[in-house]
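Here is a short tour to read with the model open beside you.

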Amino acid sequence: MTWFAPLLAAIILSAAKDPPSRSAPVALPNDNRVPAGVTVAGVRRIRLVVQRAVWHPDADDGPSLVTEVLGEEGKTPMIPAPLIRVLVGTRVDATVRNTLADTIVFFAQCGIDCRDSLFVAPGQTRALPVRTSRPGTYSYASFLYRGGHPYFESAAATQTGGAIVVDSAGAPPDRVFVIAEWIQRFDTTKVGDDERLVMTINGRMWPHTERLHLTVGDTVHWRIVDASGDTHPMHLHGFYFRVDSRGDGATDTIYSAAQRRWAVTEEPPRLGAFTLTWVPQRSGNWIFHCHKAVHMGGFQHAHLAEERVDPIRDTTHDAHTTDAEHIASGMGGLVLGIEVAPRPSAVPAAIAVSSTAPPAPVAPRRIRLLAQRLPGALGVHGYVVQGGDSAPARDSVRVPGPPIVLTRGEPVEITVVNHLDVKTGVHWHGIELDSYYDGVGGWSGAGAHLAPRIAPNDSFVVRFTPPRAGTFMYHTHNDEVRQLVLGLYGPLVVLEPGQTFDASTDHLVVIGETMSSGRRVVGVNGAAGARPMHLAAGKPHRFRLLNVLIDDDAEVSLVDSANAPLVWRAVAKDGADLPVAQRTERPARLSLGPGETVDVEIVPKPGRYALLVRGYSNVLIDVDVR
Ligand SMILES: [Cu+2]
C-alpha cells in the first residue's frame with residue numbers, strides 16, 4: 001500500500017512519533033473547483049507553502065490527524081494540495097516554500113518513475129516547474145526525506161499532493177477528484193503491515209466525501225487523479241462510463257474518438273489520471289468507489305480514531321447497527337455517493353450509451369442463490385444455486401460461487417437467501433439495472449425506499465433484464481473485506497440470445513481471495529494450486545478474466561515453455577465489447593485491477609503452455625492444448 005515498498009527495509013526507524021503540533025492551523029478539504037494562484041500580465045503566479053496542519057478527514061467534528069499539507073501563502077492550507085489549473089500555453093510561475101524541519105521531495109508532473117524530482121530543503125523556496133504546452137490531466141505528489149532516506153513514518157506526506165490540469169480551449173465543465181492515502185504505522189518502531197490507513201477523495205473519507213446530486217440525462221465529465229502512489233480501480237455502479245483519456249501523471253493521452261472505450265472500472269497508473277464521461281440514465285442512489293475493498297473499508301474510521309481493527313476477523317460492529325448506521329460506518333475511504341434525480345421529461349443522452357432494455361412481457365427466469373458458510377471463526381463463505389425444489393445442504397458452499405449464465409434481454413428474478421450468521425447483500429457488478437437491486441443495502445434505491453441489508457435467514461428478490469452480453473461478476477457489498485476474503489463472489493456471464501455456454505471453449509478465470517490454513521492467498525477459480533486445463537487445438541477459445549481481490553492487482557499471462565507470452569486478441573472490457581478497431585492481437589499478458597473483467601480470444605496451436613496469475617501470491621495453471 002505504500003510507495004517504494006522495496007525501500008522500506010532501508011528506512012531508518014525513528015523511536016517515537018512526531019510530537020503533535022498544538023498550534024497547527026486546521027486544513028480545509030479541497031473540492032478542486034477553484035484553481036490556485038493569480039494571473040498577472042498573462043502569467044499564473046502560484047505561491048505554495050508546506051506546513052503541518054490539523055486535518056479532519058471524516059466529520060468536521062470527528063477525529064483529526066496532524067499531517068503535512070500544502071496551501072497558498074496567506075490562505076488556509078488544504079487537502080489535497082491546491083489545484084494547479086490553467087489554459088494550455090499559459091506560463092506558470094509556481095514556487096514552494098518549505099516550513100518543515102525535513103526536506104520534502106516533489107514528483108510534479110513526473111509520474112511514479114520520476115527521475116526529475118524536486119528536493120526542497122527546510123526553509124528553502126524553490127520553483128515548481130509546470131509544463132502547459134499540452135492539454136491533459138497530471139499529478140503532483142511529495143514525500144519527506146529525513147536522514148538521507150524517504151521518511152514514511154510520518155505518513156509519507158501524501159496529503160501534499162494534488163492535480164495539475166491543462167485545459168484545452170472550449171473544454172466542457174468538469175469536476176476534479178484527487179485520491180489520497182494517509183498511512184502511519186500504529187507502532188512506528190516496527191516494520192510491518194500494522195498500519196493505520198485513511199484514504200480520501202478531495203480530502204474527505206466516506207460518508208463525508210462530497211455527495212453528488214445529478215439528474216437523469218446530465219452529461220458528466222470527471223477527472224480522476226491519483227496523488228497516493230497506489231493503484232485504484234475506480235468502479236461506477238449501474239452504468240458504463242466512457243474513458244476519454246489516460247495518463248501516468250507525467251504525460252497524458254487524450255483519446256481520439258476511435259481510442260475511446262467503455263468501462264465500469266478504470267485503474268490509472270500510480271500517480272496517474274484518467275478522465276471519464278457518463279450520463280446517468282436511471283434515477284436513484286449510486287456509488288463510485290475504489291474496488292480494492294481495503295480502500296473503501298469501514299475499518300478506516302476506527303484507524304482514524306487510533307483503534308486497531310482487523311477487517312477480516314472483526315464482525316462485532318455488524319450486529320448492532322441499523323442499515324443507515326452501517327452505510328456510514330461499514331464503508332469508508334474511497335467512496336463517492338451519487339444521488340440521481342428523475343428528469344420530468346426524458347431527454348436523449350448527449351453521448352451514445354446503452355440503456356436498460358425495456359421490460360419484456362415474458363415471465364422472468366427464476367434463480368435461487370443462497371449465501372452459506374462452513375462453521376468456524378473464519379469458516380469459508382460461498383454461494384450456491386438451488387438446483388431443484390429442495391434446498392441444498394446448509395454446508396454446501398462453492399468458492400467462487402457458481403457461474404450465473406443469463407441471456408441478454410431475458411428478464412431474471414434472483415432470490416438471494418442469506419444462510420450466514422451476519423447480514424449481507426449481492427451487487428451485480430457491471431449490470432445496468434435499477435438502483436433498488438444494486439446490492440448496497442441501506443443505500444441502493446431512492447429517498448425512503450432503500451433496499452435493506454439481507455438479515456440471516458431472510459431473503460431479497462432482485463429483478464433485472466441484462467441489456468448486453470459479456471463478462472460480469474456478482475459479489476457481496478456488505479463488510480466487503482471480510483466477506484470477499486471468505487468467498488462471497490462469483491462470475492456472471494450474459495450470452496446473446498440463442499447462445500449456450502460451452503465450457504470446453506469458454507474459460508472462466510476468476511481471480512479472488514482463497515483461504516489456505518487460515519491465511520488468505522490468491523486463488524484462481526477457488527484454488528491456489530494448479531488444476532490443468534485441456535484445450536482443443538485450432539478452435540477459438542475465450543478466456544473471461546475477472547479480478548475480485550480485496551487489495552491487489554493481478555498480472556495474467558499465457559506463456560509457452562520458454563516463458564514467452566502467446567498472442568491473444570482482446571475482445572471486451574468490463575462486459576462491453578471493445579470497439580472493432582481496438583480488438584487487436586497483442587502479447588498474452590495484462591494487468592487486471594480488482595473489479596475489472598477482460599475477455600480475450602485465442603486459437604491455440606498444440607503444445608504445453610501455462611496460465612500465470614501473479615498477485616500478492618502466484619498461481620500457475622498448466623494448459624495442455626492438443
Ligand atoms: Cu483504491
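Which residues does W222 touch, not counting residues up to four places away in sequence? The contacts of W222 are R175, F177, L212, F274, T275, L276, W278, F288 and I338, where contact means heavy atoms within 4.5 Å.

## About the model

This is a predicted model, in which local features need pLDDT of at least 70 and side-chain atom pairs count only at pLDDT 80 or more, while totals for chains, interfaces and linings use all residues. Residues are numbered from 1 along each chain as its sequence is written, and side-chain values use heavy atoms, with hydrogens and water left out.

## Nonpolar cores

W222 also belongs to the largest nonpolar core, which has 76 residues; W222, W278, F288, I338 and W428 are those with the most contacts inside it. Strand β35 (residues 489–495) gives the most to this core, with five residues. A second, separate core holds 27 residues, including A554, L590, V598 and Y609.

A nonpolar core is a set of buried Ala, Val, Leu, Ile, Met, Phe, Trp, Tyr and Cys residues joined through side-chain atoms within 4.5 Å. Buried means under 20% relative accessible area, exposed over 50%, and partly exposed in between (1.4 Å probe, protein chains only). Strands and helices are DSSP runs numbered from the N terminus (strands: E, at least two residues; helices: H or I, at least four).

## The copper site

Now turn to the copper ion. Its protein donors are H232 (ND1), C290 (SG) and H295 (ND1), at 2.0 to 2.1 Å, with the spacing H-x57-C-x4-H along the chain. H232 sits in the loop between β17 (220–226) and β18 (234–236), and H295 in the loop between β24 (284–290) and α1 (299–304), so the pair ties together parts that are 63 residues apart in sequence. Donors are N, O and S atoms within 2.8 Å of the metal (3.2 Å for Na, K and Ca); water is not among the atoms, so sites may look incomplete.

H232 counts as buried because its relative accessibility is 1%. H295 is buried too, with a relative accessible area of 0%.

## Aromatic pairs and rings

How many aromatic pairs are there? The count comes to 17, with rings of Phe, Tyr and Trp (its six-membered ring) pairing if their centres lie within 6.5 Å; planes under 30 degrees apart count as stacked, over 60 as edge-to-face and the rest as tilted. F239 and W278 form a tilted pair, 5.1 Å centre to centre with 40 degrees between the planes. This pair links the loop between β18 and β19 (241–247) with strand β23 (residues 273–278), 39 residues apart, and both F239 and W278 are buried. The rings of W428 and Y474 have centres 5.9 Å apart and planes at 25 degrees, so this pair is stacked.

F239 and W278 are also members of one aromatic cluster with F177, W222, F241, F274, W286 and F288. Elsewhere, R468 lies over the face of Y240, at 3.9 Å from the ring centre; the rule asks for NZ of Lys or CZ of Arg within 6 Å of the ring centre and within 35 degrees of the ring normal.

## Domains

The domain assignment, automatic or from a database, gives domain 1 (5–341), domain 2 (365–494) and domain 3 (506–625). The centres of domain 2 and domain 3, taken over C-alpha atoms, are separated by 24 Å. Between these two, 19 residues of domain 2 are in contact with 22 residues of domain 3.
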